[in-house]
Amino acid sequence: MVKLLPDRDVEPALRGAAHRVGRWVAWLAVLASPLLTIAGLIVLQPAGAPSMRDGGAPAPSTSPQGWAEMYVRSWLSATRDDPADLETFYPPGMKSQRAVGTQVPVGTGVISAVSPASGVWSVVVVADVLVLQPDGKRAATLLCAQVAMSGTDAAYVATALPAVVACPGTGGAVQLVYDEVADPGGPVGQSVTGFLAAYLAGQGQLDRFVSPGASVALPCPVPYAAVQVTEVRTHEKFEPGQAARPVDGTVVHSFVHAWGWDATGQSTPVDYALTLVARAGRWEINRIDPAPLTAGR
């Protein structure tokens with residue numbers, strides 16, 4: 001799905017300098033990584049442990065994923081005025097015809113990495129790219145590119161320019177099993193609302209809403225100025241009045257829809273799957289679940 005974003009003024013000189021500095025710092029980190037890793041192995045390896053491969057060559061100590069991400073960012077950033085140091089990754093280089101600011105990568109991630117043969121790598125990188133549209137706006141879209149490279153002893157080189165490939169598909173909607181609607185003003189809803197206000201906006205003491213001994217670390221800094229809970233659902237069904245007088249140790253699985261409001265008045269929707277446990281007649285958050293409960297699992 002493509003989302004249109006409002007246009008912004010492009011500052012070619014500043015962006016180009018920032019991109020070059022960022023790329024060289026990251027590239028130096030990649031180059032330095034093998035040296036630091038080998039030095040660490042020399043210091044820390046047990047006596048008698050082999051540090052060299054057959055033939056006396058040091059074993060590779062880096063993986064190609066980060067290298068491939070940097071290569072794709074450089075490829076997408078190259079313009080007719082700035083080659084974006086593409087030759088660092090692909091010596092033949094590329095003469096781009098793009099104008100500055102018409103295609104800007106804002107984020108990348110590795111989808112897969114395989115080695116079909118010794119010294120050969122194929123890495124698929126997904127990039128979030130802002131592309132200038134005919135109406136002057138920029139559209140944020142995802143692009144997947146396959147990178148082919150050759151590598152020995154932690155030194156890599158691309159064997160071709162990145163190839164655009166299909167991104168992984170998206171499956172159908174997953175059915176969650178929180179069928180019961182809880183009153184946001186009821187005992188469960190009040191505990192959830194108080195917890196999220198303290199956790200996401202720093203409003204109130206988090207300890208008041210968390211079970212003793214529960215491991216719930218605060219995000220730092222807190223991401224929002226205010227939180228509004230719009231829906232609370234539970235997996236467990238309560239009889240009328242039962243939620244108001246829970247027996248100690250009773251467990252409830254809850255799924256919460258909320259909005260986080262930042263200091264500028266902009267809001268972001270968030271969902272939380274929470275496990276609550278009853279203690280001393282009240283509900284306390286025991287943990288933030290790693291994933292919501294789904295049908296058949």
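Colleague: In what order do the five strands of the open sheet lie, and how do they pair?

Modeller: This is a predicted model, where local features need pLDDT of at least 70, side-chain atom pairs count only at pLDDT 80 or more, and totals for chains, interfaces and linings use all residues. Residues are numbered from 1 along each chain as its sequence is written, and side-chain values use heavy atoms, with hydrogens and water left out. Strands (E, at least two residues) and helices (H or I, at least four) are DSSP runs numbered from the N terminus, and two strands pair if DSSP finds at least two bridges between them. The open sheet has antiparallel pairing and the order E7-E8-E9-E10-E11.

Colleague: Why is one side of E7 and of E11 left without a neighbour in the sheet?

Modeller: Strand E7 (180-182) and E11 stand at the edges of the sheet.

Colleague: Which residue of E11 is the bridge partner of Ala278?

Modeller: E10 and E11 run antiparallel and are joined by six bridges. In E11, the partner of Ala278 is Trp283.

Colleague: At about what angle does H3 run to E8?

Modeller: Helix H3 lies across E8, E9, E10 and E11. Axes are lines fitted to C-alpha atoms, for helices over the stretch in contact (heavy atoms within 4.5 Å), and angles run from 0 to 180 degrees between N-to-C directions. For H3 and E8 the angle is about 145 degrees.

Colleague: Is Thr268 buried, partly exposed or exposed?

Modeller: Thr268 is found in strand E10 (residues 267-279), and beyond its neighbours within four places in sequence its contacts include Tyr224 and Trp259. Buried means under 20% relative accessible area and exposed over 50%, with partly exposed in between (1.4 Å probe, protein chains only). At a relative accessible area of 36%, Thr268 is partly exposed.

Colleague: And is Thr294 buried or exposed?

Modeller: Thr294 is found in the segment after E11. Leaving aside neighbours within four places in sequence, Thr294 is in contact with Val174, Gln175, Leu176 and Val177. Its relative accessible area is 13%, so Thr294 is buried.
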